[in-house]
Amino acid sequence: MLKFSKDHEWIRVDGSVGTVGITAYAQSQLGDVVFVEVPAAGKALQAGQDAAVVESVKAASDVYSPVDGTVIEGNGALSDTPELVNEDPMGEGWFFRISISNPGQLGALMDEEAYAAYLEELG
Amino acid sequence: MPADPIPVDQDLLTTPLDALHRRLGAKMVPFAGYAMPVQYPAGVLQEHQWTRQSAGLFDVSHMGQVRLSGSNAAEALERLVPGDIQALAPGRQRYTLFTNDAGGILDDLMVTHAGDHLYLVVNAACKHQDLAHLQAHLEGVTITAAFDRALLALQGPEAKAVMAELAPGSEALPFMAGAALSVAGEPCFVTRSGYTGEDGFEISIAADAAAALAERLLADPRVKPIGLGARDSLRLEAGLCLYGHDIDTTTSPIEAGLAWTISKRRRAEGGYPGAARVAAELASGPTRRRVGIRPEDKAPAREGTQVLDSAGATIGTITSGGFGPTVGGPVAMGYVTAAHATPGTEVQLLIRGTPRPARVVPMPFAPHRYHRG
């Protein structure tokens, strides 16, 4: 299952584990990513809370957790190769994996079709 | 992720190159009341590197151009700036500052002796206030605001060769000199200066001729359009101040490391707003200084980041910071107490609550490559 937030995070759900990243649209808006800070394993997160930081040449932006849960691991590859976020935002450029504590929250997120429509609205 | 950038609303002013920017696919953002290109499809990193390797074309038409004429113009302008304007030879250009009575900085500007007048370029966000300031204090001087003129900057190691084809004679200008030249057949005022640390030119041209010249320059394969994003990373690596960030009414020229803009005669004679503070700081040293700071890890330190000493006490603030594409890592500048301003001093940067190691370093971060002639 793949879901999207209005803040342009994606979460790919496999059982009780979610993998979180930012969307292709989000990375295109940011431009060249030069630094990423991912959360440490064991960190408890709530939906909508700052979970990671992504920086372009110009500015730093927060990445929010789409669900409540506990971080399993951050993507260590992003510290040396932050450009993975631009090159493969939905794949190798993932930010963190999270043990989902409240699966009911997934229902409030958008599916692919709804997210595509949301992007249309944004123009 | 945050919401989208502020949409460009219809109240914004536009430069004569607005349609060209949009045709080139620029992302337009509000800046100093103007819709300006922050980047083109190539992106900030590539635009930055292209400027360092070849030549970048910048639209800086939002900046304020002003002419001062009258036999006493240089002497009169010296009442408002600490720079040695009377010693400026015909055709030469100088960087100086409008100061206030408290010794703070109202704006920074370029002044060129253009023969029968002084040609000033001031910051976009300050231009109306600067004009009023000039009008209030320069009696007997004819002040002409040329805010409708366009200003293009061509910067980078290939700028000289590109310009030589369109403006014969431009290649002979040394750094910080200016001349009235024909560029692609249009009458322009060209200076050998810029805001990137590279060799390059700034070209003042009539608004209705600007887009055609920009297209002519962009038709050269050595030239690509560069937005405000790369303009900022280029000037930061060059160690150059951004008004409103690195210098403002709370910073003095001496704190800002701009004592080099004040000649021996002006130091001795004073006669500009805030001269007493400048003299005192020249004699006894300021309490804080603008310095370069290199984070030792990869996290960029942005404007507003607190600078701590090795024991954790606050000693200053970052005023500009980000990723330096030429350096290949984070670079910053800011103010620290004078005791911590020596290059090599170990400091810490408080980034999102975590102190991170950094070091005071000399600037520029990327070597200047001006054409000294």
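Leaving aside neighbours within four places in sequence, B:Leu154 is in contact (heavy atoms within 4.5 Å) with B:Ala55, B:Gly56, B:Leu57, B:Ala159, B:Val162, B:Met163, B:Gly200, B:Phe201, B:Leu217 and B:Val223. The model is predicted, so that local features need pLDDT of at least 70 and side-chain atom pairs count only at pLDDT 80 or more, whereas totals for chains, interfaces and linings use all residues. Residues are numbered from 1 along each chain as its sequence is written, chains are lettered from A in the order in which they are written, and side-chain values use heavy atoms, without hydrogens and water.

B:Leu154 is also one of the residues that touch the most other members of the largest nonpolar core, which has 28 residues; the others are B:Val183, B:Val190, B:Ile203 and B:Leu217. Such a core is a set of buried Ala, Val, Leu, Ile, Met, Phe, Trp, Tyr and Cys residues joined through side-chain atoms within 4.5 Å, buried meaning under 20% relative accessible area with a 1.4 Å probe and protein chains only. Among the elements of chain B that give two or more residues to this core are those tabulated here.

| Element | Residues |
|---|---|
| strand S3(B) | 55-59 |
| strand S9(B) | 150-155 |
| helix H5(B) | 159-166 |
| helix H6(B) | 207-218 |

Helices (H or I, at least four residues) and strands (E, at least two) are DSSP runs, numbered from the N terminus. The largest share of this core, six residues, comes from H6(B). Apart from this core lies another, of 24 residues, including A:Val20, A:Ile22, A:Leu30 and A:Leu45.

Notes: Buried means under 20% relative accessible area, exposed over 50%, partly exposed in between (1.4 Å probe, protein chains only).
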